[in-house]
Amino acid sequence: MANILVVDDELGIRDLLSEILNDEGHSVDLAENATQARAARAGSSYDLVLLDIWMPDTDGVSLLKEWATGGVLTMPVIMMSGHATIDTAVEATRIGAFSFLEKPITLQKLLKAVEQGLARNAAHHAAPVAAVQAPAAAPADAPFTQVPVITALSGVEAGPHSHQGFDLDRPLREARDGFEKAYFEFHLAREGGSMTRVAEKTGLERTHLYRKLRQLGVDLGRGKRA
């Protein structure tokens, strides 16, 4: 059983997620805005947080950045939104979000994301115990370290697109385009070139995905040849 915080300003979504996660055996706390989420985080340690991006007081990305800056991002955070752009998702990942779910959230995607997030959290906290030598005792509530996107992509599976390198000494737009191109090429290769599966994986509608790939200059046949 895990201790999970759900942060969303919509009552229906909070109730639905709470019911699903309770049925899975988890303990769930609810917050309807960033103010309540701050108070909940200050009073409890969570194994996972489901955080809505668009909220009336403080948006989820700003709250995530606040937690990361304050050293209290000790758990995986799964961002949720029905209107976020790819830029928003990339920014949240850069700050430290574990993953992103697009609303309406399907049961299968929710449970898979939660399972993966809890597994990452367990591995993170078990790492100091498994170390052969530790120069110093790790803090009891050490900040959750998001695996860098480059490392995460290179560790999923061996393949022609799984190892990426990025030149960060260039304008932000160029660096971002380079990351996005590598990201989509990786998933195309992983899914055997299936646009349907890549669209489902990345949370983009097929037409939007196709335009994005063309814009980035991604070779659509490359994944099928890999």
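## Overview

Two strands are taken to pair when DSSP finds at least two bridges between them, and pairing in this sense is the starting point for the description below. The model is a predicted one, and in it Leu-5 has Val-49 of strand β3 as its bridge partner.

The secondary structure of the protein chain amounts to 10 helices and 5 strands. Of its 226 residues, 42% count as buried. Among the contacts between residues at least 6 apart in sequence, 62% join residues that are at least 24 apart.

## The sheet

The 5 strands form an open sheet in the order β2-β1-β3-β4-β5, and their pairing is parallel. Strands β2 (27-31) and β5 (99-102) stand at the edges with a single partner strand each, so one side of each is left without a neighbour in the sheet. On average, and with direction ignored, neighbouring strands of this sheet are turned by 20° against each other.

Helix α1 (residues 11-23) lies across β1, β2, β3 and β4, and its direction is at about 170° to that of β2.

## Strand β1 and its partners

Strand β1 is mostly covered, with 5 of its 5 residues buried. The cover extends to both faces, since Asn-3, Leu-5 and Val-7 on one side and Ile-4 and Val-6 on the other are all buried, where buried means under 20% relative accessible area. On the β2 side, 5 bridges join β1 to its parallel neighbour β2, and in that pairing the bridge partner of Asn-3 is Ser-27.

Ile-4 stands opposite Leu-48 of β3, while Val-6 has Leu-50 of β3 as its bridge partner.

## Helices α2 and α3

The axes of helix α2 (residues 34-43) and of α3 come within 11 Å and cross at roughly 25°. That angle makes α2 roughly parallel to α3, because angles under 35 degrees count as roughly parallel. The contact involves Ala-34, Ala-37, Arg-38 and Arg-41 of α2, together with Leu-63, Glu-66 and Trp-67 of α3. The crossing of these two helices is right-handed.

Ser-62 has its place in helix α3, and at 33% relative accessibility it counts as partly exposed. Although Ser-62 and Ala-34 are 28 residues apart in sequence, their C-alpha atoms are 9.3 Å apart in space.

Helix α4 (residues 86-95) has Ile-86, Thr-88, Ala-89, Val-90, Ala-92 and Ile-95 as its buried residues. The elements that cover these residues include α3, β4, β5, α7 (172-190) and α9 (206-216).

After α4 comes Gly-96, which has a positive phi near 145°. Further along, a cis peptide bond with an omega of about -5° joins Lys-103 and Pro-104, and Pro-104 lies in the loop between β5 and α5 (107-130). Most peptide bonds are trans, and most residues other than glycine have a negative phi.

## Helices α8 and α9

Helix α8 (residues 195-202) packs against α9 at an angle of about 100°, with the two axes 10 Å apart. That makes α8 roughly perpendicular to α9, because the range from 65 to 115 degrees counts as roughly perpendicular. In this packing, Met-195, Thr-196, Val-198, Ala-199 and Thr-202 of α8 meet Arg-206, Leu-209, Tyr-210 and Leu-213 of α9.

Conventions
Residues are numbered from 1 along each chain as its sequence is written. This is a predicted model: local features need pLDDT of at least 70, side-chain atom pairs count only at pLDDT 80 or more; totals for chains, interfaces and linings use all residues. Side-chain values use heavy atoms; hydrogens and water are left out. Helices (H or I, at least four residues) and strands (E, at least two) are DSSP runs, numbered from the N terminus. Axes are lines fitted to C-alpha atoms, for helices over the stretch in contact, and angles run from 0 to 180 degrees between N-to-C directions. Angles under 35 degrees count as roughly parallel, over 145 as roughly antiparallel, 65 to 115 as roughly perpendicular and the rest as oblique. A crossing is left-handed if the near helix is turned anticlockwise from the far one by less than a right angle, and right-handed if clockwise. Contact means heavy atoms within 4.5 Å. Buried means under 20% relative accessible area, exposed over 50%, partly exposed in between (1.4 Å probe, protein chains only).
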